[in-house]
Amino acid sequence: MSPVSIPTARRRLGAELRRLREAAGLTGEQVIARVGWASASKLSRLENGRSRPDLGDVLDLLDAYSVDGSLRDDLVAVTRAAGDARAWLRSYPVMTARQRGYAELEAGCAEIREWAPVLVPGLLQTPEYARVRFLSSRPLAAGAAESTDAETEVAARLARQSLLTRDDTSLRYEAVVDEAALGSRGGPPDVVRGQLIRLHELAARPNVTLRVLPRAATIGDWYLPHTGFSLYGFDHPQDPETLAIEGLSIHLVLTDRAEIDRYTAVFGWLREAALSAADSLAWLADAAAPRPVPPPRPGHPHRRRTTAAPEGAGPGTATPSAPAASNATAGPGALVGPPA
């Protein structure tokens with residue numbers, strides 16, 4: 001077996017253990033009862049490649065599945081290779097428990113697709129935007145995994161971003177970002193504008209595709225996605241495609257084929273409803289452009305203009321001009337101005 005990253009080895013081990021369990025006709029509950037484990041989550045995390053495999057635990061499973069011979073020897077070797085993550089972690093200048101889960105999913109990825117309805121995805125964030133995200137959620141933090149200071153978390157998130165920008169990258173990245181995620185709620189005006197500029201820079205890279213979903217767009221047959229999500233694809237047949245859904249305190253990582261297919265279909269609807277990559281690039285350029293602040297009207301020194309820019313158009317931005325469309329003729333995915 002050729003050398004692979006620790007997370008990749010764990011994913012392949014987990015996929016093989018799941019295959020063996022299913023081939024033996026056993027449910028997770030039956031396996032837990034047979035090997036005498038106290039928690040069903042232990043088996044789930046092992047099969048999803050989300051925990052450090054213990055050799056004794058793997059041997060118990062191989063016994064339960066009646067695995068012997070060369071296959072048993074190969075899986076024991078993979079278990080030992082997947083057990084020590086120290087060498088893999090040394091490839092990052094800094095890493096935290098919070099960021100490590102994402103880094104493990106991204107390791108060895110050939111393709112990442114993300115739907116971002118509220119936040120700019122972590123792989124695309126500027127340091128300033130990421131800092132606001134960590135500090136704003138600090139009052140809700142609980143547990144040791146959340147105790148790392150914001151600057152360390154920001155540094156770890158930036159370390160993950162190298163997989164998008166390094167010269168030898170083969171990763172294909174695509175994101176659909178809701179217009180609402182790009183608006184003034186994301187932080188102070190300078191932070192939001194800096195983030196828009198960064199998105200424009202990344203969208204110009206050949207391996208990155210960004211699409212803006214306008215607030216007036218129709219998704220599928222009036223479908224409304226329930227939550228943001230990420231899909232991770234791998235070239236190696238032993239690496240199962242993976243779905244990740246991030247919540248406030250609960251994060252789901254799934255490899256079930258039926259679930260993957262559902263979210264893949266949703267991503268297709270989002271892609272079709274969003275602006276094209278070229279129009280999204282123009283939208284980002286327009287939203288990030290500086291706008292002069294209009295002077296107060298004569299005789300009304302305290303009155304401010306009340307004409308609102310489209311939600312998510314960026315600080316101080318007027319109705320984006322790219323691409324232009326009237327409300328009467330715009331179809332799904334067209335960027336339109338506010339209703340009259």
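The protein exposes about 17,600 Å², of which carbon and sulfur atoms supply 54%. This is a predicted model, with 13 helices and six strands, and 45% of its 340 residues count as buried.

Colleague: Why is helix 7 called roughly parallel to helix 9?

Modeller: Helix 7 (residues 97–106) and helix 9 (residues 150–160) pack at an angle of about 5 degrees, while their axes lie 10 Å apart. Angles under 35 degrees count as roughly parallel, and therefore helix 7 is described as roughly parallel to helix 9.

Colleague: Which residues of helix 7 and helix 9 meet, and what classes of residue make up the contact?

Modeller: From helix 7, R98, Q99, Y102, A103 and E106 meet E153, A156, R157 and R160 of helix 9. Sorted by class, this contact of helix 7 with helix 9 holds five charged, three nonpolar and one polar residue.

Colleague: What makes strand 1 largely enclosed by the rest of the structure?

Modeller: A residue is buried when its relative accessible area is under 20%. Five of the six residues of strand 1 (residues 111–116) are buried, and so strand 1 is largely enclosed by the rest of the structure.

Colleague: How do you know that strand 1 pairs with strand 2 and with strand 4?

Modeller: Pairing requires at least two bridges between two strands. Strand 1 and strand 2 (residues 172–178) run parallel and are joined by six bridges, with V177 in strand 2 as the bridge partner of A116. Strand 1 and strand 4 (residues 229–233) pair in the antiparallel sense over five bridges, and here R113 stands opposite L231 in strand 4.

Colleague: Why does S66 count as exposed, and where does S66 lie?

Modeller: The cut-off for exposed is over 50% relative accessible area; S66 has 63% relative accessibility and therefore counts as exposed. S66 lies in the loop between helix 4 (55–64) and helix 5 (69–82), and its phi is near 55 degrees, a positive value in a residue other than glycine.

Colleague: Is W222 buried or exposed, and where is its place?

Modeller: With a relative accessible area of 67%, W222 is exposed, because the cut-off for exposed is over 50%. The place of W222 is in the loop between strand 3 (208–213) and strand 4.

Definitions and conventions
Residues numbered from 1 in each chain as written. Predicted model: local features only at pLDDT ≥ 70, side-chain atom pairs only at ≥ 80, totals over all residues. Heavy atoms only, no water. Axes fitted to C-alpha atoms, helices over the stretch in contact; angles between N-to-C directions. Helix = DSSP H or I, 4+ residues; strand = E, 2+ residues; numbered from the N terminus. Parallel < 35°, antiparallel > 145°, perpendicular 65-115°, else oblique. Contact = heavy atoms within 4.5 Å. Nonpolar A, V, L, I, M, F, W, Y, C, P; charged D, E, K, R; others polar. Buried < 20%, exposed > 50% of the residue type's maximum accessible area, 1.4 Å probe, protein only. Areas by Shrake-Rupley, 256 points an atom, 1.4 Å probe, with all protein chains shown as cover.
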